[in-house]
Structure formats: structure tokens, C-alpha cells
Amino acid sequence: MLKRCIAFISAIALLINLTGCNTNNKKRYEAEFLSLFDTMTQIVAYADTKEEFTRFSQYFYDELNKYHKLYDIYNTYGDINNIKTINDSAGKEPVKVDKKIIDLLLLAKEMYIKTNGKINVAYGSVLQIWHDYREKGTDDPESAEVPPLIMLQEAAQFTDINKVIIDTEASTVFLEDAKMSLDVGSVGKGYATEQVCKMAEAEGYTDFLASVGGNIRAVGTKDENGTLWNVGVRDPDNEDDVLCNAHLSDASLVTSGNYERYYSVEGKNYHHIIDPNTLMPSEYFTAVTIICPDSGIADCLSTAIFNMPFDEGKAFIESTPNTEALWVFLDKQIVYSSGFINFLQPSI
Amino acid sequence: MDSKFFKKTDLWIIAAILAVTLMIFGIYNLTSSNKPAKAEIYYESKLLKTIPLDTGEDLVFSTPQNEKVVFHLYSDGSIKFESSDCPDKVCVHSGRISMVGQSAACLPNKFILKIVRENNSKTSEADIIT
């Protein structure tokens with residue numbers, strides 16, 4: 001009987017061990033960078049040693065930094081031609097650029113067509129005005145102003161994306177109109193995230209979670225049991241709670257919201273996502289979250305769907321494969337697309 | 001009841017072991033998931049301060065690194081960037097955070113505020129909250 005008892009106890013002990021230690025002694029590591037894309041980048045991974053994780057985070061930083069420099073519209077980096085160079089040469093001459101810029105702009109053009117113009121990287125002239133008024137109004141709230149509509153309308157004449165001439169053979173970009181400019185804020189971060197994650201995967205980093213300013217990309221799983229990455233979506237109307245937890249593997253989640261980047265004029269908040277129809281901050285929703293495999297597309301869609309009336313956006317999402325959305329209305333109502341529920345279960 | 005393979009006492013022992021195991025497992029799970037989280041403040045990528053969130057204190061404070069960046073710990077266990085001299089105020093707009101996986105940052109002033117697990121155990125908490 002004693003023998004049987006011991007066998008039983010060891011069986012139970014083994015069971016506890018299996019359930020309690022399923023990360024195979026790998027430790028969780030996290031890293032944050034503040035210097036890229038004017039936002040916070042976070043990466044999370046389970047690794048055997050700190051050195052292993054440090055090597056990974058350095059790799060991720062170095063690669064993402066290349067995209068950061070190329071997609072910058074405010075700064076110049078040595079003799080690298082970036083988006084700012086293209087803007088500075090508007091109306092003058094084509095600029096020879098890295099393939100990373102060509103590919104980004106090709107995706108942006110494709111998404112412009114797909115979303116019926118609800119995301120437009122040629123909107124620089126209008127977005128620049130809002131950017132300047134927002135910065136001035138945040139700095140000195142007493143004198144905060146809304147840009148005059150006439151000024152926005154004038155600028156909106158120079159936003160024709162068809163005048164962004166991409167020559168893939170010569171690897172050049174030319175803005176035909178001297179008064180137009182590119183602003184890749186709605187796609188650059190997401191596209192860069194996607195590319196760096198893919199490259200990291202090819203380098204053998206098979207399981208990690210990356211967030212570049214809320215552009216979340218889950219690669220692989222948390223452990224060898226296939227535990228999915230758990231991504232909480234903040235409730236914009238209740239800081240202490242999440243709307244839901246999405247369980248992801250090889251998928252991206254991106255939220256566009258009106259609650260972080262904004263300024264106030266006479267008690268009314270003006271956020272940073274501009275509706276191309278009204279030239280004013282979009283007023284359909286508080287937040288829109290997109291889940292789809294590709295982070296570049298998720299980034300574009302979160303902005304585009306944020307700028308679409310609900311029925312149009314719902315129809316768009318339901319007809320796009322592998323793509324789900326979550327809408328938070330101004331009256332706090334929440335609507336999920338039909339397949340979103342599949343991500344709310346913590347199993348594959 | 002007693003057979004060649006099982007004695008009544010065997011069954012009692014097995015049942016007792018099972019009960020104790022379940023109890024220990026339950027307690028372990030409860031304590032590990034209910035363990036209060038803590039907040040960490042980083043400046044220029046270095047950990048400056050670790051703040052327990054379960055003290056019930058209401059505290060407004062800054063750090064010597066930059067006294068214009070002010071933090072507020074609430075008695076309910078949440079914490080936020082109360083104010084900052086940065087141009088965009090995205091840090092302040094991030095609001096109160098309290099859940100593991102949440103974070104806020106003041107880019108111009110190089111501060112990060114994040115909520116972390118008390119230990120390294122894996123729980124059902126979010127890996128990241130956006």
C-alpha cells in the first residue's frame with residue numbers, strides 16, 4: 001500500500017509541475033524604447049537568458065530605427081533621402097528613395113482606393129495645419145483656436161494622391177504639386193511594425209509581442225503549449241477597465257481613438273484623426289479597433305474605419321476576409337464585427 | 001468492499017491526498033493572481049522607482065530628475081501622470097492606469113510609467129493593454 005501511495009503522490013506532483021511550469025523555465029522580459037516614431041515601442045518575449053532577450057530587442061530596435069528615419073517628415077538624417085526629402089522636393093524633382101518607402105507608398109495608394117479615400121497619405125497640407133494649431137493650443141490653452149475652415153479648404157486642394165508619382169523601376173517618388181506633402185502617420189508605424197516583425201521571424205525570433213505606439217503585432221505564441229498572447233483593449237470611457245481581451249497569434253491589433261492626442265478649445269476636444277469629408281476631427285466614434293493578420297493594413301483600416309459611418313464600415317469589414325473590428329460609439333455603445341468573438345477565447 | 005487491489009483505507013488516503021492537492025493548488029492560484037501589481041517609473045530607460053499599488057495612499061509626487069513631471073498615486077491603486085511641461089500632454093491624457101500590461105509615457109521628458117506583475121508567474125493577466 002505504501003508503494004501505491006508513493007506512486008500516486010508522485011503522479012500528482014508531476015501533474016502540478018506540468019501545469020505550473022509550462023513556460024519551460026523561460027523568463028518573461030520586456031523592453032521599451034521612446035525614440036522611435038514619436039511614440040513608445042514595447043516588446044515582450046519569454047527567453048532563457050537576459051542576453052538572449054537583449055540581443056533580440058537590439059535587433060528589433062536597429063531595424064525599426066531604419067524605418068523611423070525613412071518615414072520621418074520633420075527631420076533629416078545625414079544624406080538619407082526620406083519622406084521629408086520628398087516633401088521638400090515637391091513640384092521640383094523626383095527623389096530617389098529606399099525600397100522601404102516605395103513599398104509603403106504603394107500600400108498606402110492601394111488602401112486609399114480600397115477605403116474610398118478614407119485614408120490618404122497625401123493629406124499633409126491639411127494635417128500640418130491641425131498639427132500646428134494642436135501644438136500651439138496645448139502649449140497655451142488660453143489662446144487655443146480651431147483652424148479657420150477656409151484655411152483647411154484651401155489646403156485640401158493640394159491632397160490629390162494621384163499626383164504622388166511612384167516609379168518603381170527608378171525607385172523614385174515625385175510630388176507633382178509644389179503645395180502638396182506626404183504625411184504617413186496613419187500607415188508608417190504599422191507598416192514598419194509588420195516588416196520588422198517578419199524580418200525578426202526570419203532571423204529565428206519566433207515568439208514575441210511587439211507594440212509600436214499601440215500597433216500591436218503578435219508573433220508565434222507565449223510558450224510551447226501554444227498559449228496565445230493576451231492583448232487587452234482599453235475601455236476609452238472607463239480607465240480602470242478593458243473592453244475585452246483579444247487572444248492573438250500571428251495577428252495584429254490596432255486601435256484608433258480620440259482620447260490621447262487632442263487639444264481643447266473652449267471646453268470642446270479636438271483630436272488628431274481628420275475626416276477628409278469635413279476636414280474636421282472625425283465624429284463617428286470614440287475608438288475603433290481592428291484585428292487582421294498584417295499590421296500595416298490594420299493601421300490603415302483603423303484610421304479608415306474611424307472615418308467611415310458605421311454602416312459603411314461594417315459592410316467593409318464583413319466583406320474583407322480575416323478582418324474584424326470593434327466600434328466604440330460616442331454614446332459608449334459597443335459593436336463587434338461577426339468574427340471578433342473568435343479572438344475572445346484563450347485557445348487556438 | 002475490500003478487494004485484493006483496493007483497501008478501504010487506500011481510497012481514503014487517495015481522497016485525502018486529492019483534497020489537499022486541490023486545496024493547495026487553489027490557494028496557489030488565488031494568491032498568485034490576486035497578488036497586487038506594482039508600478040514602475042523609468043527615466044531614460046533606467047528604473048527610478050517601484051511603487052506598491054496596494055498601500056491605500058493618495059500621493060502626489062515628482063522625482064529629482066524632473067520636478068515638472070508630476071505623478072499621482074490614488075488610494076484605489078491607480079496611478080497617472082498628473083501634469084507635465086511637455087508640448088503634447090499625451091502622458092497626462094493617458095489617464096489613470098492600474099492593470100498589469102498598462103503603460104503610459106512622456107516622450108519629451110523620457111519617462112515611462114508601467115504596471116507590472118509582482119512576480120514572474122504566468123497568469124491570465126494581459127500581456128499588454130492598448
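The buried residues of helix α4 of chain A (residues 99-114) are covered by elements that include α2 (50-70), α3 (83-88), β4 (164-167), β5 (172-175), α7 and α8 (295-306) of chain A; contact requires C-beta atoms, placed from the backbone, within 7 Å. The model is predicted: local features need pLDDT of at least 70 and side-chain atom pairs 80 or more, while totals for chains, interfaces and linings use all residues. Residues are numbered from 1 along each chain as its sequence is written, with chains lettered from A and ligands numbered from 1 in the order written. Helices (H or I, at least four residues) and strands (E, at least two) are DSSP runs numbered from the N terminus.

Buried positions in α4(A) are A:I101, A:L104, A:L105, A:L107, A:A108, A:M111 and A:Y112; a residue is buried with 20 or more other C-beta atoms within 10 Å of its own, exposed with 12 or fewer, and partly exposed in between. These residues lie on the same side of α4(A), because they cover an arc of only 160° around the axis, taken from the directions from the axis to the C-beta atoms. The face turned away from the buried side carries exposed A:K99, A:L106, A:E110 and A:I113. Just after α4(A), A:N116 adopts a positive phi of about 60°.

Helix α7 (residues 188-202) of chain A contains A:M199. A:M199 is partly exposed because 14 other C-beta atoms lie within 10 Å. Its C-alpha atom is separated by 9.8 Å from that of A:Y59, 140 residues apart along the chain.

Methods:
Expected span 1.5 Å × (residues − 1). Contact = placed C-beta atoms within 7 Å.
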